[in-house]
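Good morning, colleagues. I would like to take a few minutes to go through one structure with you. Please have the sequence and the model in view.

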Amino acid sequence: MEMAKRGALGFDMEVAYCSRNRRADVTCGYFDRLPDLATWCDVLMLAAPGGPTTHHAVGHEVLEALGHDGFLVNIARGSLVDSNALIDALRDKRIAGAGLDVIEGEPAFPDAFLALDRLVLSPHVGGFSPEAMRSMIHKVRANLDAHFAGKPLLSPIPA
């Protein structure tokens, strides 16, 4: 929702989304199939949970629908994108480009990514939001307080 707000309000972008269920509190466009959204958009941004229902949600069909002028951006989970399908689409110039903040199987990644000039890789920085950093600092402090008080740690690291 925050990315959609920023795109629509900050950049005057037309925004649509794909989900299993349409949201009553959202006024932007809705698609019930990811390939249909990919056909409609110029930039397909992924912000969905990982898991069996979203594994390789973006594969050959979605990338073909995105087309040679479309860009893929994944800020969610690496498992959402079929890396081999993405490599093929980028190598064959069937999509304009991709930006990945997450990669399937990270920290390892396919060697073929290194030869792709239409791909931008960034270290996963989702954990560096102000909220995440604040939460991490509070967790460290709580663990230190527990340790020095002789109490069990909130998040112990197994030996």
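This is a predicted model: local features need pLDDT of at least 70, side-chain atom pairs count only at pLDDT 80 or more; totals for chains, interfaces and linings use all residues.

**Strands, a cavity and one asparagine**

Let me begin with strand 3, residues 43-46, and strand 4, residues 71-74: the two run parallel and are joined by four bridges. The side chains of strand 3 alternate along its length.

How many cavities of 30 Å³ or more does a search of the whole structure find? The search returns one. The volume of the largest cavity is about 40 Å³. Its lining consists of N74, G78, V81, S83, L86, L100, V102, I103, E104 and F113. By class, six of these lining residues are nonpolar, three are polar and one is charged.

Finally, I would draw your attention to N143, which lies in helix 5, residues 130-148. Is N143 buried or exposed? Its relative accessibility is 11%, and because buried means under 20%, N143 counts as buried. Which residues does N143 contact, leaving aside its neighbours within four places in sequence? They are L153, L154 and S155. With S155 there is also a polar contact, in which the side chains of N143 and S155 are joined at 2.8 Å.

Thank you for your attention.

Conventions
Residues are numbered from 1 along each chain as its sequence is written. Side-chain values use heavy atoms; hydrogens and water are left out. Buried means under 20% relative accessible area, exposed over 50%, partly exposed in between (1.4 Å probe, protein chains only). A polar contact is a pair of N or O atoms within 3.5 Å; within protein, one must be able to donate a hydrogen and the other to accept it, and residues adjacent in sequence count only if both atoms are side-chain atoms. Contact means heavy atoms within 4.5 Å. On a 1 Å grid over the protein atoms alone, a cavity is a set of points where a 1.4 Å probe fits but cannot get out, and a pocket is an open set with protein on both sides within 12 Å along at least five of seven lines; lining residues have an atom within 4 Å of a point. Grid points are joined across faces, edges and corners, and a volume is the space filled by probe spheres set on the points. Ala, Val, Leu, Ile, Met, Phe, Trp, Tyr, Cys and Pro count as nonpolar, Asp, Glu, Lys and Arg as charged, and the others, Gly among them, as polar. Two strands pair if DSSP finds at least two bridges between them.
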